[in-house]
Structures are given as structure tokens and as C-alpha cells.
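Visitor: I'd like to learn how to read helix packing and nonpolar cores in a model. Can we go through one together?

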Amino acid sequence: MIHPAKSPVPGGDQASGLPGEPPPAPPAGTAPTSAVRRGPTYCEIPAPPELDWRPFRPESYLEYRREWDRRGGEADAGGFPLHLDMDPTSRCNLRCRMCPRTWYMERGETAWAPLGPGDMDMGLYRSAVEEGARLGARSVKLNFLGEPLLHPRILDMVRLASSLDLWVMMNTNAALLTPDLSRGLLRAGLTDIFFSFDSPYPEEYERVRLGASYEKTLSNIRAFMEAKGRMGLGHVQTRASMVLPEDPEGREEVKRDYVRLFRSLGVAEVGFGLPTVMGRDYAPLNEGLRFVCPDLFRRIFVFRDGAAGPCCGDWERRLVVGDLGKQTIGEIWRSPEYAELRGRHVSGSFMDVPACRSCSVPYLSAAGDP
């Protein structure tokens with residue numbers, strides 16, 4: 001089984017992420033024809049001028065993205081993470097074939113959710129985002145291992161983060177994205193939404209996204225786009241992304257058809273992630289590589305029960321370095337455990353960390369642009 005390659009930038013599902021400082025849009029009257037590499041295992045077709053959301057954002061947003069790139073490039077953790085990845089729920093309405101959650105559940109493994117699937121406590125969430133807004137975080141993403149729209153208070157989560165002047169991002173499979181919920185999310189202050197939709201072809205989509213209807217989910221996305229337009233929310237970023245097939249043959253045709261599909265719906269960006277094979281040990285493929293994970297210096301991931309760590313691919317919790325039930329985010333961020341992990345990467349010794357040496361990202365980063 002394959003799953004989405006892990007992303008080093010926020011905003012993505014497990015397949016993709018929000019870019020660093022966004023590249024310029026193509027000149028007016030032209031259409032983007034080539035992908036821009038936005039992360040080690042992810043590329044994206046930029047928005048054409050008529051769909052570009054960046055002119056509607058303040059200079060403070062661009063400053064934030066420049067700081068995001070600087071921290072990763074200079075391996076500078078600062079005093080607090082720029083971005084919080086909060087998992088509202090570890091429950092999901094689908095059993096996608098490429099998802100690590102599905103892979104573990106089929107094998108009866110529970111390390112990814114030792115208490116069982118469940119929802120994040122609203123008090124834990126509130127304390128995290130309030131601390132973040134007070135101490136320097138600029139954005140929050142609502143997604144990790146589950147489908148965020150299942151959380152009964154997801155609108156309250158968006159509204160709270162928005163009220164604290166955080167950029168509020170969400171990944172969703174969109175199968176539950178009703179027109180009413182779309183309007184509710186937009187009114188609550190959602191600024192970025194990323195649709196995980198893993199094929200432009202109905203049969204293949206429903207084979208991969210078990211439990212979802214191709215036509216119904218597309219209808220949901222269409223309704224969201226229409227609501228966004230009616231409400232005049234030009235600053236809201238939209239993106240659709242998919243995990244590419246493991247076999248590279250035929251990928252170019254898939255990408256062309258995928259771009260055509262989502263451009264017809266008015267979705268701004270279209271992205272593609274490289275697949276990782278679940279169960280494969282990538283350590284032999286990582287030998288001799290130098291890799292410094294930029295996530296260590298700019299974001300933190302929080303499981304729905306408060307366990308926290310640096311990695312979007314640490315489903316087995318081997319890199320968990322703190323617990324928000326007992327510590328603040330700042331205490332975790334500045335902890336000796338976090339510092340040691342960063343030091344291993346900066347010194348060229350990421351292979352000394354078992355979870356990092358077996359990770360797919362160093363190898364796929366060196367393998368080339370998808």
C-alpha cells in the first residue's frame with residue numbers, strides 16, 4: 001500500500017502543503033503550464049491571475065511566508081513555532097487506500113491512536129491556539145490523521161483561531177462538505193482550504209477513496225466555490241491535490257486531466273505529491289544523503305489527545321517530545337529533546353534517529369521533482 005509522501009510545509013493534507021513564499025502568478029492572459037516545486041515531495045501548478053488570492057492578502061502575510069522560508073533555510077527555530085498543526089479528530093469517514101490510518105487499522109496497530117479514535121478536547125485546543133497567538137504563531141491547520149469536519153465543534157475551532165488573527169487552514173476530503181457547512185466555515189473565518197481528491201477519473205477515485213462518491217464530492221467542492229464567490233472572499237485560498245500513482249507511466253496524462261477538472265471549478269492551485277510505500281524501510285535508500293528537515297524549525301504537530309511532536313509522518317509516535325496536557329507549546333518547543341533532534345539534523349546525523357532514517361522524505365527529496 002502507498003500513502004502520501006510527508007510534507008514539510010503547512011496547509012497540506014498528508015500529500016501536500018501550503019507553499020513557502022508564493023511565486024509570482026503568470027502574466028495576465030497566460031495559463032500556468034509547469035509545476036513549481038513547493039516541498040521535497042510535492043509540486044504545484046500555481047493559480048492563474050484570475051484565480052490568484054494573493055493580491056487580497058496583506059503584506060503581513062507575505063512577511064510571515066518569508067519568515068517561514070528563512071527559518072527552514074537557516075535552521076532557526078526562534079522561540080516559538082510559526083505554525084500549529086492541530087488534529088481536531090482522529091476519526092474519519094473514509095478508508096482511503098493510500099492513507100497510513102487505513103494501513104494501521106487494517107493491521108490492528110494502535111500506536112497512532114493509543115486511546116482509540118476520538119475528538120480533541122475544546123479546552124486543549126483553546127489553550128494551544130491562545131498561547132500560539134500570544135507568543136508568535138501565525139497560522140493553524142486543522143487536520144492530521146482524521147477528517148476535521150467530523151468534529152462537532154469544527155466551526156467554533158475555526159472561529160476561535162480567526163478571532164485571534166491566525167490564518168486558519170484546513171485539509172478535507174470534502175465528502176461531508178455540505179453547502180450549509182461551506183457557508184459556515186467561510187463566515188467563521190477559514191482562510192485556506194485544501195481538497196484531497198485523488199483522481200480525475202470516477203472509477204479510480206472511488207477505488208482509492210473508499211466510501212466517497214466522486215459526483216457528490218465534486219458537487220460539494222463546486223458548492224463551496226460558489227459560496228466563496230457569492231460572499232466576495234477573494235483572499236480565501238483553494239487548492240486540490242492528489243497523490244500520484246506509484247507507477248510513473250501515465251502520470252502526465254493524469255496530471256493534465258486533473259488540472260483541467262479543477263480549473264473548471266475555479267480552484268486556484270492544483271498539486272501533486274509523490275507516494276510513499278507503507279511498510280518499506282527507506283533507510284537503505286537514505287544512506288549517504290544529507291537532509292535537514294525544515295519542519296523542525298517552524299511548526300509543531302499535535303495529536304488529538306495532546307501528544308506533540310515535529311513530524312507529520314510520525315504516525316507511530318516515535319518522535320513525540322511533549323504532551324499539551326502537561327506542558328505548554330513553548331516548553332515543548334524549547335525542550336532538550338527537541339533541541340537534540342534539531343542538532344542531529346543540522347550536524348548531518350539524521351540517520352542516527354531511527355524514525356528519520358527510515359523516512360521516505362530524504363530519499364524522495366533526492367529522487368527529483370514529481
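Visitor: Which residues in α3 meet which ones in α4?

Guide: Contact here means heavy atoms within 4.5 Å. On the α3 side you have Met122, Tyr125, Arg126, Val129 and Glu130, and they meet Asp156, Met157, Val158, Leu160 and Ala161 in α4. The residues of this contact divide into seven nonpolar, no polar and three charged. For that sorting, Ala, Val, Leu, Ile, Met, Phe, Trp, Tyr, Cys and Pro are nonpolar, Asp, Glu, Lys and Arg are charged, and the others, Gly among them, are polar. One caution: this is a predicted model, where local features need pLDDT of at least 70, side-chain atom pairs count only at pLDDT 80 or more, and totals for chains, interfaces and linings use all residues. Residues are numbered from 1 along each chain as its sequence is written, and side-chain values use heavy atoms, with hydrogens and water left out.

Visitor: How do I describe the packing itself?

Guide: Two packed helices are described by the angle between their axes and the distance between the axes. The axes are lines fitted to C-alpha atoms, for helices over the stretch in contact, and angles run from 0 to 180 degrees between N-to-C directions. Helix α3 (residues 122–135) packs on helix α4 (residues 154–163) at about 20 degrees, with axes 10 Å apart. The two are therefore roughly parallel (angles under 35 degrees; over 145 is roughly antiparallel, 65 to 115 roughly perpendicular, and the rest oblique). Their crossing is right-handed, meaning that the near helix is turned clockwise from the far one by less than a right angle.

Visitor: At what angle do α4 and α5 pack?

Guide: About 20 degrees, with the axes of α4 and helix α5 (residues 179–188) 8 Å apart. That makes α4 roughly parallel to α5. Leu155, Val158, Arg159 and Ser162 of α4 touch Leu181, Gly184, Leu185 and Ala188 of α5. This contact splits into five nonpolar residues, two polar and one charged.

Visitor: And how are α5 and α7 packed?

Guide: Their angle is about 40 degrees and their axes are 9 Å apart. That makes α5 oblique to α7, and the crossing is right-handed. Pro179, Ser182, Arg183 and Leu186 in α5 meet residues of α7 including Asn220, Phe224 and Lys228.

Visitor: Now the cores. What's the general idea?

Guide: In soluble globular proteins, nonpolar side chains tend to be buried together. A nonpolar core is a set of buried Ala, Val, Leu, Ile, Met, Phe, Trp, Tyr and Cys residues joined through side-chain atoms within 4.5 Å. Buried means under 20% relative accessible area, exposed over 50%, partly exposed in between (1.4 Å probe, protein chains only). The largest core in this model has 85 residues, and Met86, Tyr125, Leu142, Phe195 and Phe262 have the most contacts inside it. Helix α7 (residues 214–230) gives the largest share, six residues. A second, separate core has 12 residues, among them Tyr104 and Phe303.

Visitor: What does tyrosine 125 touch?

Guide: Leaving aside neighbours within four places in sequence, tyrosine 125 is in contact with Met86, Met120, Leu142, Met157, Val158, Leu160 and Ala161.

Visitor: Is phenylalanine 194 buried or exposed?

Guide: Buried, with a relative accessible area of 1%. Phenylalanine 194 lies in strand β7 (residues 192–196). Phenylalanine 194 and arginine 239 are 45 residues apart in sequence, yet 4.8 Å apart in space, C-alpha to C-alpha.

Visitor: How much of the whole protein is buried?

Guide: Of its 370 residues, 60% count as buried.

Key:
Helix = DSSP H or I, 4+ residues; strand = E, 2+ residues; numbered from the N terminus.
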